[in-house]
Structure formats: structure tokens, C-alpha cells
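Dear colleague,

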Number of protein chains: 2
Amino acid sequence: MRPFGSCPAPARPSASRGRGGDDSAVTRVPGTELDQVFTTDPVIEGMHFTADDPPFFVGNKAAGRVLSDLAAMGAQPQWMLVNVVAPRTLEFRRLEQIYDGLMTVTNRFGASVIGGDMAEGPCLELHVFGSGTLPRNKALLRSGAKPGDAILVSGALGGSIKGRHLTFVPRVEEGLFLRESGVVTAMMDISDGLATDLRHMLNMSHAGALLQAASIPLTAEAESFEHALYDGEDFELLFTVPMGRVDALRREWASRFDQEFYLIGRVVGGVGDLVLEYEDGRYELLDCKAFEHYVK
Amino acid sequence: MRPFGSCPAPARPSASRGRGGDDSAVTRVPGTELDQVFTTDPVIEGMHFTADDPPFFVGNKAAGRVLSDLAAMGAQPQWMLVNVVAPRTLEFRRLEQIYDGLMTVTNRFGASVIGGDMAEGPCLELHVFGSGTLPRNKALLRSGAKPGDAILVSGALGGSIKGRHLTFVPRVEEGLFLRESGVVTAMMDISDGLATDLRHMLNMSHAGALLQAASIPLTAEAESFEHALYDGEDFELLFTVPMGRVDALRREWASRFDQEFYLIGRVVGGVGDLVLEYEDGRYELLDCKAFEHYVK
């Protein structure tokens, strides 16, 4: 989530999101062959969910965002902590259902909620912190995309505001599979919209991209092509792979997952340029639109 | 900080604060001789600080609370992440000074801020998440106090609301020293007031305590004895040591630290009973007062 709707995000060197502008920070675990990944996301009523949303799925979203950040690096989620800020009037039953959603998705992917704290505040907030592990130096970063690489997404995009932003399943297993495949050059999750997030990846990778408009998969809820480009909170994986490795990866993927992945374009030269190619041969240079996915 | 001012704190098995009711959760680091400790604390404007407080010290407090939690287990702080929730009107200069305070105390104790996130919300909040390490199975818990042990505190208590709740130095070095001493049976930091926190320790340790009123050290700001018992946010260490080990520990401590520690009583039988002995021979059984340290 972009802080104040600015574009690009204001740089805070003192609170950078880890090496290479990734959502998670990678650290070494001395004496082992492991790296440990840390990340955190706030989920706030009125911004990320409404008072009317089913509490179970509010919890699913709060933990799912963090799990998605870990998945985007190819990490195995491990420990989660949850800070809750709540008004005094919050019904205990609602909080219980939020926790149920939070625990369910956390446990599903082999992680555990081991702590947290509560405080009183004017509106309901969940701050989830997560850590995960992966083999030393194997974290998939945003910065590795190379000209000639294929650009892929793990699922259809757009229209998540209709409900999927709450009910999504974080792509933890897909992220682990992709890291283990050894052919992925860059990866991130799509939280701010394909156009914005791909631009982050391109900037980190010092490259550009040519996308085939007709290849970008739209969800049933995406009312137009713009939704797939600019809606946020898809929580699908965006990744790059040398073009020659795509077919083999697709076969392996198909043996593991029900849903296919989509080849939507390729990495080219030209730092940060994001060009869309339409079927009629038109080209469009996409400009920088900020994602502001306020739920109200 | 107690969530809704209740006493005792409502139990949330799904979000317990780690083994034995401690503020931090202890996990193993497979393949090493290390344990890793995780903790998190929210710091919220209007509850933990005011809009008029010096921003540098707001940052000091936000990180210091987490460092104090890690210190209370005898852990070496390592990684910190910070979620900031802020209204759109927040001045960047103020945020910068908050980060300065946060980074200064974090770096002072050998830890690093490696990530975080920002979101917009109605009031300023800092959610700091921290991890630390210590040798396997060496975390100091609340649950190890034994009848006959001396009860000690690392500094004077009370009146922190006058300013020390913002400017305090977390007892990281003292916590490491005490863990390495090998003689501490239980430890925690005093965040909710001596009486309340000691009762937590006694409950976890299935023991009681007899305190000498005249031995409890008061700060210059503590206007009465009650302040030392019930004020919160002292962020001193409360620990227990077999009585026969206190003198040797005191000598070692004196060679390392400028400030002495204080022997304030001893652990006795009688689960959870907290008895205060006055110089005139009177005894008082302390009842359960909740700490509500609202700054406004």
C-alpha cells in the first residue's frame, strides 16, 4: 500500500523495505545455510476493509498480505505476530472471527502466530509481522529481470475490490515452487496493480517491458482492461523467466497446480519504460498512475 | 500496555505472547545453538505519547519498548521493523525526528531497522516489531522464580509519566549481563508497574512475594510510594536470584554499570500473594490494581 497516494513512493532510507526495494528484508542466519526474510503490513478499517466485511476474511487478508510478501521471495513462512488496535466498542465475537481467519490461512501454509499485542485506538487495525526462511542467497528479488526474459503472472488480474482482496489465497506454494525451479530471475507480488508493480520491478532491474495487451488475463470481476492494469490487491505473483525456460516451467507447474500461469510480455531495454502492444498493432507508453485502493 | 484496562489481561490463546506468558516468544533456530526471540509493541498518540512530546523521544520510546522486551529475556536485539500509521497532515519533519530517535536507540544496542510499512490513519501510531537471539534454552522467563529467591530491580521506580517514559534507556546491556551471569531464575521488564508485573511473575512462577516497602527505590519524580508500585512504564528489569548469589552478582554488576541494582524483597510460598512489609512492622496484602498509563 502506497503511504500517501504519491507516485513514486517517498524514499525513507531509514525504513527501507529491505535490499533492492523488495517488500521483505533478507537477513542471514549465522551458522546455517539459511536466510531469514522479514516483512510487515498494516490492514486498517476504512482503508483496507470496511466494518461490514466478514471478519473471517478481514483476518485472511491481514495475514494473507504478509504471506504474499513472503511468497514473493520464495520463502517458507514461519512466524507471525499480530498487533491489534481496536476501539473499546469492538465486539469480542468480531475479533475472534478475525483471529480465526488469520490463524486459518497462517496455519494452512505451515506458519504459526506466536505473539502480538493489543491497544485501544479510534479504528480497528491489524499489524501483522511475518518471518520466513529460504536457502542462503536464494531469495527472489525484484532486481533480476533481464532483457529477453518472459514476463509472467500466476493468475488473472483486476476487480479484486469486488471481494477477492479479502478472500484471496496467498501464492505461497507457487512462490516456493518458482524459487525451487531455479529459473526465475525476478519476482514480486502484485499489490499495487500490474502497471505500478511491474514498473517497480523494471526500475529495480534497470530494464523496460513490452506487454501484449491481449495476453493479460482478466478476472470475471474486471470490467475493463484498465482494471487488470491499475487495480490493486491482486496478490498474484509477477515473475520473469528466460524465454527458453517457459515451456518446461509451464509443464512442471501444470503437474502441481490447478490454475495455469500467463505469459504477458517480455523484458526489453529502456529503463522503466512500460509499453503496451495491442492486437491491432498500436503501441501505448503507460504513464505512472498511483494505486489508491480505498474501500470506501 | 494492557488492552482495555481490564485486570488481569484477557487471555487470547491464539495470540499468546509466547511461552509462559512472557512478552516475547522464543523459537528455535534449527541447525544452530541459538534461540530467536520475537516481540512487538504498539505506541499510539494520545495513549503512549502526545502531539506535544519531542518526536525524537517518541521514536526512542517506540523502539525502546521492544528493546526492553528483548532485554527482559536476556536477548541480543537484532532486527527491527516499523509500521507507521499517520494522518495525511503529519509533518515530514516530525516523522523524520521520530525515525531519528528510533534508529538511534536501535543502533546503540547493535540492532538494525530493516523494514516496515506506512499507511494513512486518523492518529499517529508506531508498531515496532523486533527479534533477538540468545543461546539455546537460555531465555530468562517469568516462570522461574523460587521461594527463597531475592527479588531485585535494576533501577528506581515511579513517576515515569513526567518524562522518563519517553527518554528511558532500555536495559539491554544489563539484561545480557544478567542472562550471562547464569544465576537469574526469572526476569521481566516493568512496563505496567511493579505491583502488577511482579504479580504476573508470581502467577507464572506459582509463588508469592514479600516486599520490604523501605527497600523499593523511588525516582525523584515519584511523589509517593504508590507511584513506585503502580505507575507504569518504568522499563527497569525485575528479576529473581537465589539469595546466596546476590552479593557476588552485585559486585560483578558494580564493575560493569554505573547504577546499582536494588534488593526489594523475596519470593515466598502462596501463589500470587503480594505482601508489603513496612518498617513499623505492618503488613499489607496488595490488591490487583490495573495500570492505565494514558498520557492525556
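In what order do the five strands of the open sheet with mixed pairing stand in chain A? The order is β1-β2-β5-β3-β4 (chain A), where strands (E, at least two residues) and helices (H or I, at least four residues) are DSSP runs numbered from the N terminus, and where two strands pair if DSSP finds at least two bridges between them. Because β1 (25-28) and β4 (112-120) of chain A stand at the edges with a single partner strand each, one side of each is left without a neighbour in the sheet. From one strand to the next, the twist averages 20°.

Before going further, please keep in mind that this is a predicted model, in which local features need pLDDT of at least 70 and side-chain atom pairs count only at pLDDT 80 or more, while totals for chains, interfaces and linings use all residues. Residues are numbered from 1 along each chain as its sequence is written, chains are lettered from A and ligands numbered from 1 in the order in which they are written, and side-chain values use heavy atoms, with hydrogens and water left out.

Within this five-stranded sheet, β3 (residues 76-86) and β5 (residues 125-135) of chain A run antiparallel and are joined by nine bridges, and W79(A) has S131(A) in β5(A) as its bridge partner. Helix α1 (residues 55-71) of chain A lies across β2 (34-44), β3 and β5 of chain A, at about 145° to β2(A); contact here means heavy atoms within 4.5 Å, and angles run from 0 to 180 degrees between N-to-C directions of axes fitted to C-alpha atoms, for helices over the stretch in contact. Helix α2 (residues 92-108) of chain A lies across β3, β4 and β5 of chain A and runs at about 155° to β4(A).

Chain A also holds an open sheet of seven strands, with mixed pairing and the order β7-β9-β6-β10-β8-β11-β12. Here β7 (186-189) and β12 (283-285) of chain A are the edge strands, each with a single partner, so one side of each has no neighbour in the sheet. In this sheet, β8 (residues 208-212) and β11 (residues 274-277) of chain A run parallel and are joined by four bridges, with L210(A) opposite V275(A) in β11(A).

Turning to chain B, α1(B) has a kink of about 25°, centred on G64(B), the bend being the angle between axes fitted to the seven residues ending at a residue and the seven starting there.
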